[in-house]
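The sequence and structure are shown first.

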Amino acid sequence: MKKDGYLDIFITFFKIGLFTFGGGYAMIAVMQKEVVENKKWIDEKTMLDLVAISQSTPGPFAINGATFIGYYKSKFLGSLLATIGVALPSLIVIMLISIFLIAFQDNIYIQNVLKGIAAGISVLIFKAWFMLQKQLKVNVINISLIVIAVLITLIFPNFSVIYLILITALASLIHVYLLRGKVND
């Protein structure tokens, strides 16, 4: 890949990291717009797969997503540059905040700006959900798993999320295995 291609990967993910507040779900919509619609580095199906993989592997979505797309685009160096690019803005902002934290802590203007950012994050998260749900195949099993998971968390508030994820993953695998058996018959 040309040198400017690597720079493009770094700058793209630096912008994604710089202008996304609110974590992974808020970042999905921004990343989708930039790498699927604008750059056309991946398609919507690959983006959906990326979200599923990134949410089921340890670490933040931003890092997992950037690493995956960077590798998909330009192997190791692409993944390294994308990961650094998406993480660097947060590192810079956190360093600056830590320097000025005491001065901004009681500032009403800063508090209002943060409330405005929180409202914007809600919109980004909803947009990400809306984009992803269009790609998913909704069926009785998917809806049942969601309802059961919600009921378990409401009835047993101390039930570990890890066990919930493992149970739903196992149920999904069993469903797919049984479905394949019916298709092959």
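The model is predicted. Just after α2, Lys40 adopts a positive phi of about 60 degrees.

**Helix α2**

Helix α2 covers residues 24–38. At 1.5 Å a residue, its 15 residues should span 21 Å, and the end C-alpha atoms lie 20 Å apart, which agrees.

**The surroundings of Phe61**

Phe61 belongs to helix α4, which comprises residues 61–104. Its relative accessibility is 4%, and because buried means under 20%, Phe61 counts as buried. Leaving aside residues up to four places away in sequence, Phe61 touches Gly24, Met27, Ile28, Met31, Val51, Ser54, Gln55 and Ala66. Ile28 and Phe61 are 33 residues apart along the chain, and their C-alpha atoms are separated by 8.4 Å.

**Salt bridges**

Side chains of opposite charge can pair when their charged atoms come close. The count of salt bridges comes to 4.

| Pair | N to O distance | Relative accessibility |
|---|---|---|
| Asp8 and Lys39 | 2.8 Å | Asp8 27%, Lys39 28% |
| Lys33 and Glu37 | 3.2 Å | Lys33 39%, Glu37 34% |
| Lys45 and Asp49 | 3.3 Å | Lys45 53%, Asp49 33% |

The side chains of Asp8 and Lys39 meet in a salt bridge. Asp8 lies in helix α1 (residues 3–18) and Lys39 in the loop between α2 and α3 (44–56), so this pair ties together parts that are 31 residues apart in sequence. Asp8 is partly exposed, and Lys39 is likewise partly exposed.

Lys33 and Glu37 are 4 residues apart in helix α2, a separation of about one helical turn. Lys33 counts as partly exposed, as does Glu37.

Lys45 and Asp49 both lie in helix α3, 4 residues apart, which corresponds to about one turn of the helix. Lys45 counts as exposed, whereas Asp49 counts as partly exposed.

Note on methods: Residues are numbered from 1 along each chain as its sequence is written. This is a predicted model: local features need pLDDT of at least 70, side-chain atom pairs count only at pLDDT 80 or more; totals for chains, interfaces and linings use all residues. Side-chain values use heavy atoms; hydrogens and water are left out. Helices (H or I, at least four residues) and strands (E, at least two) are DSSP runs, numbered from the N terminus. The expected span of a helix is 1.5 Å times one less than its number of residues. Buried means under 20% relative accessible area, exposed over 50%, partly exposed in between (1.4 Å probe, protein chains only). Contact means heavy atoms within 4.5 Å.
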